Amino acid sequence: MVLADLGRKLNAALSSLNRAPVVDDKVLDALLKEVCAALLETDVNVKLVQQLRSKVKTKVKATFESTADKAKETNRKQVVQKAIFDELVNLVDPGVEPYKPKKGHFNVIMAVGLQGNGKTTTCTKLAVHYQKRGFKSCIVCADTFRAGAFDQTRQSATKAKVAYFGSYTETDPVAIAAQGVAKFKKEKFEVIIVDTSGRHKQEGELFEEMVQIGNAVKPDMTVLILDASIGQAAEAQSRAFKESADFGAIIVTKMDGHAKGGGAISAVAATQTPIIFLGTGEHLTDLDRFSPQPFISKLLGLGDVQGLMEHMQDLATQNPDRQKEMAKKLEEGKLSIRDWREQIQNVMNLGPISKIASMIPGLPQELLQGSDEDGAARMRRMIYITDSMTSAELDSDGSPFMEFGKDGKPVALTWRVTRVARGSGTSVREVEEVLCQYRVMASMAKQAGGKNGWLQAMQKMQ
Ligand code: GDP
């Protein structure tokens, strides 16, 4: 991800601050110069960068002056870091909360944007996102302008196992949109995504059509799909669309491929419209939820506990009874190998491993290395290993795999470990590692005391 470069540069600047023996004007200026250069490189508007620089300076000076006698160097460093963090957040924060789809309601989302920006792809990604979180989701293809648009929707929706509606014969996009939404409402779909036609450029005809479709389907949220490669020009495009179709949120696509992504995000924030997701690749799961503070936190390598919590809560809403049962087991320190395996499977269902892992604060960077396939393969191996355990072993706390000495401490592995290794086509060592990981997680979850057990256990790992 190109943003990782920006993150690295910002990180490098902040760590040079840590190395400085004293924090004076010279150090602060040098640090701000580095931060600003990194932002300009990602196409953030010069004026916004200048504002950030002067706001940080004013804040830092005010704090230094008010606490001059007491402030130790470490405090001064924290003051600077916090001021930079807060101003980076302000840079990407439009100060407006987006619409959030509600369970048990019809949530109609209409996607608009220029052709080629990734609208159709993003509609399927959105449907997959909400479907995974327990919303019955579907897509209506009201793009009659581009030949092959319906075929594209049909193929990607079929691949994603999402319901879709469209027509090869009907040429009126307003009629298709209305029919599709009515049909899916009747079938009690909860998230209904309407994909509209794009054009090569902003044309009166496109805006007129958007307004008509909007009137016909009465969307709860209209989302503008913007391509990150336009950088700070995103501001003009977003304003032009806003004048015609009053959209409530933006998704910036192709963040994976373009160095100007930071510019696009900050430009959009300047138009007071919330960005809800970032498109980060061509796969259906390449969609990252966006919210200002967690975004900056993740960019600076500080994790995204909020994002992780939301993921866990999404899981809880999907199967509240099971999650309650799990929380009780955790509280009582009774997490079995079977329960642990279920949690691993849950994490695997949430999305690419690297995305989930990057939300966990304090996780050693080495663990994030390797491709998602590597991460998923590692997790799948853990599952294979548990698949070779007997039912009684799965329901245990791992003790059948150990022989214990008189003092109650484990002294040796039992024959069961060899059997599981043979059965799963792995080595004794790998089985041993899986058991060890299970024990660590179970004991930490117990200490964390239930509630958000797994999450808290992970937080405690820091
Ligand atoms: P539409 O004309 O706006 O509906 O655009 P499409 O959905 O057809 O997408 C145009 C191209 O952009 C396709 O090749 C997509 O695979 C690609 N695309 C869409 N979103 C992303 C993204 O987030 N990252 C990358 N790298 N490519 C994307």
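Strand β7 and strand β8 (residues 287-289) pair in the antiparallel sense over three bridges, where two strands count as paired if DSSP finds at least two bridges between them, and where strands (E, at least two residues) and helices (H or I, at least four residues) are DSSP runs numbered from the N terminus. Within this pairing, F277 stands opposite R289 in β8. The model is a predicted one, in which local features need pLDDT of at least 70 and side-chain atom pairs count only at pLDDT 80 or more, while totals for chains, interfaces and linings use all residues. Residues are numbered from 1 along each chain as its sequence is written.

Strand β7 (residues 275-279) also pairs with strand β6 (residues 249-253), here in the parallel sense and over three bridges, and I251 stands opposite F277 in this arrangement. Together with helix α10 (residues 261-269), β6 and β7 make a right-handed β-α-β unit; right-handed means that, with the strands pointing away from the viewer, the path from the first strand over the helix to the second runs clockwise. Five of the five residues of β7 are buried, a residue being buried if 20 or more other C-beta atoms, placed from the backbone, lie within 10 Å of its own, exposed if 12 or fewer do, and partly exposed in between.

Helix α9 (residues 234-244) has A234, E235, Q237, S238 and F241 as its buried residues. These residues lie on the same side of α9 because they cover an arc of only 165° around the axis, the arc being that of the directions from the helix axis to the C-beta atoms. The face turned away from this buried side carries the exposed residues A240 and E243. The cover over the buried residues of α9 includes β1 (107-112), β5 (221-227), β6 and α10.

The ligand is surrounded by 18 residues, of which G118, K119, T120, T121 and G279 are the closest; a residue is near a molecule if its C-beta atom, placed from the backbone, lies within 6 Å of it. Helix α5 (residues 119-132) supplies the largest share of this shell, three residues.

For the chain as a whole, the secondary structure comes to 21 helices and ten strands, and buried residues make up 39% of the 462 residues. Among contacts between residues at least 6 apart in sequence, 73% join residues at least 24 apart, two residues being in contact if their C-beta atoms, placed from the backbone, lie within 7 Å.
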